[in-house]
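Dear colleague,

I am handing over the structure below, together with an account of what was found in it. Please look through it before reading on, and keep it open beside the text.

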Amino acid sequence: MIRTIAIICAAVVLIGFSAAAQTVPYVLSPWQCGVIVWPNEVPDYADHFAQRLTEAAEAAFGFWGYPLPTTADKPYNESNCVLIFDPATQAEYVVPPLKWNGSEVLPVVVLAFSSEAAMRAAMGSTALHGAFWFSGPMNRLSFPQAQPWVWDVGGGYRNMVCASSASNATLIHEWAHWFTYQWGYSEAIAPHDLPDYIIEGIAEATCAFVEDPNDAVYGRLQAYSWGLNKCLEGSIQGVMQYPVGESLVSHLVETLGTDGFLGTLSDWSTQAWFMVDCYQPEWRISLGLPASCPE
Ligand SMILES: [Zn+2]
């Protein structure tokens with residue numbers, strides 16, 4: 001009898017271990033422009049965070065005068081929709097294509113982590129903070145140490161990777177990257193050819209309205225200090241591309257308007273040197289710097 005009980009106990013323990021080994025690695029829930037992937041389980045703040053994601057995306061697109069992409073009412077296939085295995089139903093979860101500005105748009109797979117530490121552990125990167133936008137499909141070269149399930153759900157798709165602690169400014173910044181790339185594609189502009197200070201400048205200028213006023217003053221001072229000794233060139237290495245880019249893009253939006261500035265992106269992608277010659281003196285004057293570059 002005792003032996004029988006021992007065998008039953010062992011069987012229960014084994015079943016327990018096997019269930020633990022098959023712990024669901026993620027849960028999917030619908031989102032306005034795609035799907036949200038919650039690692040492990042749906043958190044109690046899920047609805048609130050999904051709402052924050054939507055409002056941040058609306059703010060990013062809205063800054064430039066555009067609505068968010070909406071679901072396209074058309075047939076879908078593997079090339080224009082998102083197909084993810086859903087552990088809850090043991091079936092494929094389908095997100096149909098989106099439409100925006102007259103063209104078809106791929107939905108976004110949002111990986112929403114509970115914390116930055118959880119995000120860094122899953123992505124295998126110590127350099128991630130707040131949120132990260134993948135302008136192209138996620139590939140193993142950028143995050144070779146990411147956990148296998150990350151590739152299962154995100155590989156090949158357009159992704160937003162974020163922690164629930166990300167500020168509204170951070171979320172708007174990342175969605176502004178989505179807007180930049182989407183707008184570029186729709187206008188036959190290669191967004192990767194834009195100078196880094198234009199790409200980050202657009203993102204920073206877009207989220208500036210939720211910025212702490214002290215940070216705004218500090219950013220302007222950083223741009224001013226940078227301009228005392230330097231001039232715009234092909235690219236700006238390191239963190240100064242953020243405040244300098246924000247200062248330049250904000251100046252151009254103020255003088256050209258949002259549509260006028262977007263209209264210059266084609267030239268920024270193909271002849272940045274010419275654009276720098278055109279706009280640098282005025283921008284330097286707006287910062288209180290001499291129009292001409294330092295020797
Ligand atoms: Zn950025």
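Which residue takes a positive phi in the hairpin of β4 and β5? In this model, which is a predicted one, the residue is Gln-90, whose phi lies near 55°, and the hairpin has 4 residues between its strands. The two strands themselves, β4 (residues 82-86) and β5 (residues 91-95), are paired in the antiparallel sense over 5 bridges, and within that pairing Val-82 stands opposite Val-95 in β5.

Before further details, a word on the whole protein and on confidence. The protein has 295 residues, of which 36% count as buried, and it contains 10 helices and 10 strands. Its C-alpha trace spans about 95 × 40 × 35 Å along the principal axes.

The mean pLDDT of the protein is 89, with 92% of the residues reaching 70 or more. Confidence is highest in α2, at a mean of 98, and lowest in helix α1 (residues 2-21), at a mean of 45. Over residues 1-22 the pLDDT is below 50, and beyond near neighbours in sequence this stretch has 0 contacts in the model. Where pLDDT is low, the predicted coordinates should not be read in detail.

Strand β6 (residues 98-100) is joined to β7 by 3 bridges, the two running antiparallel, and the bridge partner of Lys-99 in β7 is Glu-104.

Turning to the domains, the domain assignment gives domain 1 as residues 13-188 and domain 2 as residues 194-286. The centres of domain 1 and domain 2, taken over C-alpha atoms, are separated by 28 Å, and where the domains meet, 14 residues of domain 1 are in contact with 13 residues of domain 2. On the side of domain 1 that touches domain 2, the elements that give two or more residues are α2 and α5, and α5 gives the most, with 9 residues. The residues of that side of domain 1 divide into 7 nonpolar, 6 polar and 1 charged.

The last element to point out is helix α6, which covers residues 196-207. This helix has 12 residues and reaches 17 Å from its first C-alpha to its last, close to the 16 Å expected at 1.5 Å a residue. Why can α6 be called largely enclosed by the rest of the structure? The reason is that 11 of its 12 residues are buried, where a residue counts as buried if 20 or more other C-beta atoms lie within 10 Å of its own. The buried residues of α6 include Tyr-197, Ile-198 and Ile-199, as well as Glu-200, Glu-204 and Cys-207. The elements that the buried residues of α6 pack against are α2 (46-63), α5 (168-186), α8 (241-262) and α9 (265-270).

With kind regards

Note on methods
Residues are numbered from 1 along each chain as its sequence is written. This is a predicted model: local features need pLDDT of at least 70, side-chain atom pairs count only at pLDDT 80 or more; totals for chains, interfaces and linings use all residues. The expected span of a helix is 1.5 Å times one less than its number of residues. Two residues are in contact if their C-beta atoms, placed from the backbone, lie within 7 Å. pLDDT is the predictor's confidence in each residue, from 0 to 100. Domain bounds come from an automatic or database domain assignment. Ala, Val, Leu, Ile, Met, Phe, Trp, Tyr, Cys and Pro count as nonpolar, Asp, Glu, Lys and Arg as charged, and the others, Gly among them, as polar. Two strands pair if DSSP finds at least two bridges between them.
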